[in-house]
Amino acid sequence: MRRRLLTLGMAVLLAAPTLAACEVGEPTTSAGKKEITFLVFETPNLTPQYWDAAIKRVTDKHPDITVKKLVSPDQDRTTYAKQLLSSGQFPDVMIAVSPAGFAEGGNLYAWTTEELKDFQFPTNGAIKGKVYQLPANTQTIPVVYYNKALFAKAGITGEPKTYADLLSAAQKLKANGITPFVTAGVHDSIGPLWAGILATEVYAKNPNWMHDRRAGKVKFCDPEFKSGAAKLAELARQGYLDPKDVSRDYAAGQQAFLDGKGAMYAMGNWLAGEVDKPTTKLHVGQFAWPADDGKAVIPAFTGGGLLVSAKAKNLEAAKTFALGFQLDKGNLDNSAKADGLFPAIKGYSPPSDVGAAYKLGYDLYAQGVAANAVVPAFGFEAGDDGMLPGVTAKWDSSAVDLVTGKKTPDQVCAFLDAEWAKAAT
Amino acid sequence: MSASVSRRPVFGRRAWHFLSFGGPGTAVYVCFVLAPILISLGYSLTNYNPFRGETHFVGLDNYRVLLTDEEFLTSLKVTSILTAIVVIVPNVAGLAIAVLLDRQSWFFSSLRTVFFVPVVLSSVVVSVIWTRLLDNDGLINQTLRALGVDEPPGWLSDPDYALYSLGAILSWQMLGFCVVIYLAGLQHVPQELLEAASIDGAGPVRRFSRITWPLLAPALTINTVILLISAFKIFDHVQIITRGGPGTGTTATIAYNVLQTGFVANRQGFASAMAILMLVIIAVLSGVALKLLQRREVDL
């Protein structure tokens, strides 16, 4: 009988996935055209239609190029690109993939000075002096978006200028039954909030902190970083953010803020794209994460653009497509409107019909530039400015550990130093 | 001499039969099972990192480090707890449901289908459904709030609950499998034995414990071994529902850890050692379980 049952068991196990099988499509190519693969990722702002239109704008100008769009299964496109590389399917062109590791392994094409001549910050994100990712746009990470109606309900009249003001506002919101901070926790969803704290605690004091960490001159257990970890843990301990919200992913976190489930949301300036949509009825204000002394600190990252595989079959076509995609005025305008990006292209100015939230964020950034207050966005840096491969993921999960109280700030700092040592071996 | 000549064609025919019937299957097995395992074994003895230039042979160093690596030991603990839940819960609940469904009518046939549906669903679909249900603002917590529970648990966000929530989801999905196997086992229990026991005055509990349960031993063996193997290598639900969190390693199984180590930290030699160790643990555990459970099987 056992044999029959075993046969039945195996049949059931084999049949189940077959019944649940996904559909697989065959790519079509046109004869005589140069085909390239392009890895993108989707978010509520960056929809399939957004990507298709952006690709079409370039292929219309270069009809000899056909593009096979690959979509990352989730927002972690860097890990997906590594899987594709390991299975011999590395895409020809990718967007917003961290170049760390790929570049050192000789997998990415290094852009020449001539090719980078149109970019405002042509050396940003360099790895050992070479630029592999087009430094296409600047993102401020985070901006604190706030729900004006909920602030008014809690009797908060002005935007917090110092960290003490922020805590006072949070206290008032909590006393009125309003969750002060909306959070999420899956992947890097809580990263922007912690990046805000670390901008004021770490980078404002030492803008070269990450370079110093790479050189072994500073550690996570040093007072600056530890203080940043303690501040995040304290926000949760005070009940200013709900630890239960860490099961939300990025999209759910954004929706929770837009649904009015909390008053403040520390997020990258790409949220402006969503806030400015005509369907969004929320009145949203924004301010930079405040420092203890109220001095302006604007955490920002310039990069995030396209990368090209050094081993692309049609390398010239891939390069042409990447530069065409990145410098196309229509694409730049759409990236500003849909994803709130500040294109870092010489001579570019955002279109006049961008939304109010975008304009406000852009002004905030411009004030930061004028005041020389721009610092790197912790956890979102790239290349030599960023953490060692694998450590950023530990930094993300450590933020959740601090919020849920699973680890103390001391334990988190020691853990990150240990993970850094592991990654360095 | 003549005998050896006459044997050759027979041997040749047998070899041809083996090649034509067994050859394709053997080739597929070698290419897609054996070769990858051997290649992984080779990588596990190196410090292979696809993003670094040189790869060195490090012998058993990766395995030595693994035995003291906090992250690996945590994932081993997580995997063991999940496996225990997934082996016990669907087995117990599956047996109870199978006994209740072991009747001939359209209603019970429909119920069998209902219980089997989760097995057919893709793990991605199941994960998405349960993520929505167990979210802090999901249907379950909304219902609990409506019933007056002010602070319902963070099923997926509280480190004290997340692992057990994941275990419950996996158990729910595997329940239908156990039900089908136990139902098949129940249909092989001879009615005359049960009737004879009944005439001799045995009640339902005694009939179950003395006749049905011993005769279900093969079904228990199959369910236990298959659940044990499935649970120990669980990855997809973790990737979609919790991503190993909340926080560091709370629900990170060994398979999840292999992917993170290999493709996020780029330490593919070390990740291969983890994968090989996982294979050995599964082989040993399922071998032991098979031997122990087979001892109590009864042949009619």
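Domain bounds here come from an automatic or database domain assignment. On that basis, the C-alpha centres of domain 1 of chain A and domain 2 of chain A lie 28 Å apart. Domain 1 of chain A covers 34-139 + 303-367, and domain 2 covers 142-267 + 387-424. Eight residues of domain 1 of chain A and six residues of domain 2 of chain A form the contact (C-beta atoms, placed from the backbone, within 7 Å). The domain 1 side of this contact in chain A has three nonpolar, four polar and one charged residue. Ala, Val, Leu, Ile, Met, Phe, Trp, Tyr, Cys and Pro count as nonpolar, Asp, Glu, Lys and Arg as charged, and the others, Gly among them, as polar.

This is a predicted model, in which local features need pLDDT of at least 70, side-chain atom pairs count only at pLDDT 80 or more, and totals for chains, interfaces and linings use all residues. Residues are numbered from 1 along each chain as its sequence is written, while chains are lettered from A and ligands numbered from 1 in the order in which they are written. The mean pLDDT (the predictor's confidence in each residue, from 0 to 100) of chain A is 90. In chain A, 92% of residues reach 70 or more. Residues 17-28 of chain A fall below 50, and this stretch has five contacts beyond near neighbours in sequence.

A nonpolar core is a set of buried Ala, Val, Leu, Ile, Met, Phe, Trp, Tyr and Cys residues joined through C-beta atoms within 7 Å. Buried means that 20 or more other C-beta atoms lie within 10 Å of the residue's own, with C-beta atoms placed from the backbone. The largest such core has 131 residues. A:Tyr145, A:Ala199 and A:Phe321 have the most contacts inside it. Helix 6 (residues 191-203) of chain A contributes the most, with eight residues. Both domain 1 and domain 2 of chain A give residues to this core, so it lies between them. Beyond four places in sequence, A:Ala199 touches several residues, including A:Trp289, A:Val297 and A:Phe378. A second, separate core has 62 residues, among them B:Val180, B:Ala184, B:Val258 and B:Met278.

Chain B is divided into domain 1 (1-44) and domain 2 (63-294). Their C-alpha centres are separated by 37 Å. Five residues of domain 1 of chain B meet seven residues of domain 2 of chain B.

Between the chains, 36 residues from chain B and 39 residues from chain A make the contact. The chain B side comprises 19 nonpolar, twelve polar and five charged residues.

Methods. Contact = placed C-beta atoms within 7 Å. Buried ≥ 20, exposed ≤ 12 C-beta atoms within 10 Å, placed from the backbone. Helix = DSSP H or I, 4+ residues; strand = E, 2+ residues; numbered from the N terminus.
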